[in-house]
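Please look over the chain below before reading on, and keep its strands in view while you work through the points that follow. The briefing is grouped by topic.

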Amino acid sequence: MSLKSGLSALAVGSAAVAIAVSAAPALAAPLDSVFGSAGSSGSGSAGSSDLLDAGSSALGSSGDKTEHYGKLGRDNAPNGVRSINVWVYAPNTQPISPGVYPRNSRLGVRYNSTIDAGPVVDGDECAMQIRLSGPKVPKKAQLFSTQDCTSVKPYTLRAPGSYSISVTDTISGASNAITFDVQ
C-alpha cells in the first residue's frame, strides 16, 4: 500500500468515526419522545415535580443527582424499584386550562419506574396496581393490574368532575398519583 492510499484510507475511516460520533446524540432524542420528561400535569397534582420538565427522561431527574417522587419503595425490593414518575396521558386532547380536560376525552396515566440510581425500569418485574377514582367510574375500571414497570393506561372519561389515578408497585411499595379535572 502506498503512502497516498494509506492516508486516503485513514481519512475515510476518520470521517466514518466522526459521523458516528456526531449521530450519537440524535439517537437519544427518540427516548425523550417516548417517555418525556418526568413531570405531571394537573391541578393540585400529587405526582412528579414540574421542575423535572427540563431534565433527562431516562434518569427521571433534571440534574446530576437522582430525584425520586411519590412514596418511595423499599431499599431492598427484589425488583429494585425506588420510585414511580407519573404524568397525565392525553394523547389527542388539548387541555381546556392547566389540569382541566374536556369530557369524552381519552385520558389516563403515563408512568415509569426508576431504580435508586435513576435509570428507568422497562420490563415486567413489577406488580402494578393502577387505581382510577372519580365520578361515575365503573367498578371494572377502578382497578387495573399489570406487570409492566413502565407503560400507559388510558380511559375514556365521560362524566365531569375531579379524577385521581394512583400507580403502586406492590412488590417495592413505591407509589405516585396524578389528579386532574374533566369539564
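Strand β5 and strand β8 run antiparallel and are joined by six bridges, and within this pairing Q129 has T168 of β8 as its bridge partner. The model described here is a predicted one, and its chain holds one helix and nine strands.

**Strand β5 and its neighbours**

- On its other pairing, β5 meets β6 in the antiparallel sense, over four bridges, and there M128 stands opposite T146 in β6.
- In general, strands of a sheet pair through backbone hydrogen bonds, and the pairing may be parallel or antiparallel.
- The two faces of β5 can be told apart: M128, I130 and L132 make up the covered face, whereas Q129, R131 and S133 make up the uncovered one.

**The five-stranded sheet**

- Taken across the sheet, the strands follow the order β2-β9-β8-β5-β6, and they form an open sheet of five strands with mixed pairing.
- Because β2 (100-101) and β6 (143-146) stand at the edges and each has a single partner strand, one side of each is left without a neighbour in the sheet.
- Strand β8, which covers residues 161-169, pairs with strand β9, which covers residues 175-182, in the antiparallel sense and over eight bridges.
- Within that pairing, the bridge partner of T168 is S175 in β9, and T168 is also the bridge partner of Q129.
- D169 lies in strand β8 as well, and with a relative accessibility of 0% D169 counts as buried.
- D169 and G73 are 96 residues apart in sequence, yet their C-alpha atoms are 8.1 Å apart in space.

**The chain as a whole**

- When the chain is read along the sequence, its elements follow the pattern α-β-β-β-β-β-β-β-β-β.
- The chain has 183 residues, and 38% of them count as buried.

**Salt bridges around R82**

- How many salt bridges does a search of the whole structure find? The search finds two, and D75, R82 and D116 are linked by them in a network.
- In one of these salt bridges the side chains of D75 and R82 meet, with a distance of 3.0 Å from N to O.
- D116 also forms a salt bridge with R82, and here the closest N and O atoms are 3.4 Å apart.
- D116 lies in the loop between β3 (105-115) and β4, while R82 lies in strand β1 (residues 81-89), so this pair ties together parts that are 34 residues apart in sequence.
- Is R82 buried or exposed? R82 counts as buried because its relative accessible area is 16%, and buried means under 20%.
- D75, by contrast, counts as exposed, because its relative accessibility is 68% and exposed means over 50%.

- Which residues form a negative surface patch? The patch is formed by D122, D124, E125 and D148.
- One of these residues, D122, has its place in the loop between β4 (120-121) and β5 (128-133), and D122 counts as exposed because its relative accessibility is 58%.

**Two loop residues with positive phi**

- The place of N104 is in the loop between β2 and β3, and with a relative accessible area of 45% N104 is partly exposed.
- K136 is not a glycine either, although its phi is positive at about 55°.
- K136 lies in the loop between β5 and β6, and K136 counts as exposed because its relative accessibility is 77%.

Terms used: Residues are numbered from 1 along each chain as its sequence is written. This is a predicted model: local features need pLDDT of at least 70, side-chain atom pairs count only at pLDDT 80 or more; totals for chains, interfaces and linings use all residues. Side-chain values use heavy atoms; hydrogens and water are left out. Patches are made of residues with over 30% relative accessible area and no salt bridge: like charges are joined within 9 Å, nonpolar side chains (Val, Leu, Ile, Met, Phe, Trp, Tyr) within 5 Å. Accessible areas come from the Shrake-Rupley method with a 1.4 Å probe; for residues, only the protein chains shown count as cover. A salt bridge is a side-chain nitrogen of Lys or Arg within 4 Å of a carboxyl oxygen of Asp or Glu. Lys and Arg count as positive and Asp and Glu as negative; His and the chain ends are not counted. The place of a charge is taken as NZ of Lys, CZ of Arg, CG of Asp or CD of Glu. Buried means under 20% relative accessible area, exposed over 50%, partly exposed in between (1.4 Å probe, protein chains only). Two strands pair if DSSP finds at least two bridges between them.
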